[in-house]
Number of protein chains: 2
Amino acid sequence: MKTSLKILEKYNLVKTQARLDILDIFTEKSAALSEGEIEDSLCGSCDRATIYRTLNLFTLKGILHEIANGSTIRKYTLKKKPERHLHFECNLCGEIVCLTGISLPDYRLPEGFTEQEAHFLIKGICKACYEA
Amino acid sequence: MKTSLKILEKYNLVKTQARLDILDIFTEKSAALSEGEIEDSLCGSCDRATIYRTLNLFTLKGILHEIANGSTIRKYTLKKKPERHLHFECNLCGEIVCLTGISLPDYRLPEGFTEQEAHFLIKGICKACYEA
DNA sequence: GTTTATGCAAATTCTTTGCAATACT
DNA sequence: AGTATTGCAAAGAATTTGCATAAAC
């Protein structure tokens, strides 16, 4: 069965075309995506409001994960385990990719602080842009 | 001489009241600030557009540093050395503070990737909220 | 006196919401 | 059939911009 369908079933969500289409994009692309990029990929087959509502729903359910980037445009990726991993945002092309396979730096929070999520973002020049 | 005045001189910027006032707030407060919070602090003595223009100018000049949080509201702090340090955002009160004094062991980026900035954001419950 | 910054208002961009129409179970 | 989702349009929030006025050098 298709991955996207499986995800909707796992989370007990109504299976609609919009949700399947949006999940398809995320399972195909490894980079983080914004609402606008999804809208472009779907070529108008799905309304902007629906995309926003779907992104919010998926984030709430834990299917997607919102990247802490320095911009006002929200970007999302499929949520992966382990939760704590590095993201790399290219200052030239703007792509945000997950750097899996890189061990995270270790740190200790001060007394009294409790960690719930960690967002590690490295900004710089990605391999593709460097070689271009 | 006042710190704010020194900063403007160091960066060769025209010394205006708005810039001094905004810098004063940053030197007094340790938490990251948004345009809205600065506007409130200034009680209308400075226009919204001016605050935005000033924040952008200071960021461009390297006086301020934009925090990579996951929200649509931009927050800034005075730029400190070392550039790579942890920020902690409280999920209850929303405050973002710099966790200086926490050492970040090294990590290695994959071949071909060049680092220009690192943004490490831990989200959770801050000490003040935990104790309240 | 010239250059640069500010204030105001309007425009842009990103995101959310109300509501009737449609799709899903 | 009944509930949940979508599309449309309008509203909202954050940020930027044009232009005349005011402040800084």
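A: What follows is a walk through the salt bridges of this predicted model. A search of the whole structure finds 10 salt bridges over all chains, and among them is the pair of A:Lys2 and A:Asp24, whose closest N and O atoms are 2.8 Å apart. Because A:Lys2 lies in the segment before helix H1 (3-10) of chain A and A:Asp24 in helix H2 (residues 17-28) of that chain, the pair ties together parts that are 22 residues apart in sequence. A:Lys2 counts as partly exposed, at 47% relative accessibility, whereas A:Asp24 is buried, with a relative accessible area of 15%.

Chain B has a salt bridge between B:Asp24 and B:Lys2, with the closest N and O atoms 2.8 Å apart. Here B:Asp24 belongs to helix H2 (residues 17-28) of chain B and B:Lys2 to the segment before helix H1 (3-10), so parts 22 residues apart in sequence are tied together. B:Asp24 is buried at a relative accessible area of 14%, while B:Lys2, at 49% relative accessibility, counts as partly exposed.

As for the two chains themselves, chain B can be laid on chain A with an RMSD of 0.3 Å by a turn of 179° and a shift of 0.1 Å along the axis, which is the relation of a two-fold axis.

Another salt bridge in chain A joins the side chains of A:Glu37 and A:Lys75, at 3.4 Å from N to O. Since A:Glu37 lies in helix H3 (residues 35-42) and A:Lys75 in strand S3 (residues 75-78) of chain A, this pair ties together parts that are 38 residues apart in sequence. A:Glu37 is partly exposed, with a relative accessible area of 32%, and A:Lys75 counts as buried at 11% relative accessibility.

Terms used: Residues numbered from 1 in each chain as written. Chains lettered and ligands numbered in written order. Predicted model: local features only at pLDDT ≥ 70, side-chain atom pairs only at ≥ 80, totals over all residues. Heavy atoms only, no water. Least-squares fit on C-alpha atoms with pLDDT ≥ 70 in both. Salt bridge = Lys/Arg side-chain N within 4 Å of Asp/Glu carboxyl O. Helix = DSSP H or I, 4+ residues; strand = E, 2+ residues; numbered from the N terminus. Buried < 20%, exposed > 50% of the residue type's maximum accessible area, 1.4 Å probe, protein only.
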